[in-house]
Amino acid sequence: MKPTKLEKLIIDAINSAKLGLPDWSAIAKTEHVSLEYLQARVEWMRRVGMIK
């Protein structure tokens, strides 16, 4: 399963964040999605094993 643009952005944000804590609100604002949607997507990615 290929990651979408948003999923790639989430993975990159996690890998490049200091202490593993990305600024989710800034990412949501940049991508024009709600913070709740972004957090739900991160949780889904964790459940399916795309990220830890």
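**Helix packing and salt bridges**

Helix α2 is followed by His 32, whose phi is positive, near 60°. Helices (H or I, at least four residues) are DSSP runs, numbered from the N terminus. The model is a predicted one: local features need pLDDT of at least 70, side-chain atom pairs count only at pLDDT 80 or more, and totals for chains, interfaces and linings use all residues. Residues are numbered from 1 along each chain as its sequence is written, and side-chain values use heavy atoms, with hydrogens and water left out.

Helix α2 spans residues 24–31, and its residues Trp 24, Ile 27 and Ala 28 are buried. Buried means under 20% relative accessible area, exposed over 50%, and partly exposed in between (1.4 Å probe, protein chains only). The buried residues of α2 pack against α1 (5–16) and α3 (35–48).

Helices α1 and α3 also pack against each other, at an angle of about 80° and with their axes 11 Å apart. Axes are lines fitted to C-alpha atoms, for helices over the stretch in contact, and angles run from 0 to 180 degrees between N-to-C directions. The two helices are therefore roughly perpendicular (65 to 115 degrees). From α1, Leu 6, Glu 7, Ile 10 and Ile 11 meet Tyr 37, Leu 38, Arg 41, Val 42, Trp 44 and Met 45 of α3. Contact means heavy atoms within 4.5 Å. By class, this contact has 8 nonpolar, no polar and 2 charged residues.

A salt bridge is a side-chain nitrogen of Lys or Arg within 4 Å of a carboxyl oxygen of Asp or Glu. By this rule the count comes to 3. One joins the side chains of Glu 31 and Lys 5 (3.7 Å, N to O). Glu 31 lies in α2 and Lys 5 in α1, so the pair ties together parts that are 26 residues apart in sequence. Another joins Arg 41 and Glu 7 (2.4 Å, N to O). Arg 41 lies in α3 and Glu 7 in α1, so this pair ties together parts 34 residues apart in sequence. Glu 7 is buried, at 3% relative accessible area. Arg 41 is partly exposed, at 22%. Glu 43 forms a salt bridge with Arg 46, their closest N and O atoms being 3.0 Å apart.

Notes
Angles under 35 degrees count as roughly parallel, over 145 as roughly antiparallel, 65 to 115 as roughly perpendicular and the rest as oblique. Ala, Val, Leu, Ile, Met, Phe, Trp, Tyr, Cys and Pro count as nonpolar, Asp, Glu, Lys and Arg as charged, and the others, Gly among them, as polar.
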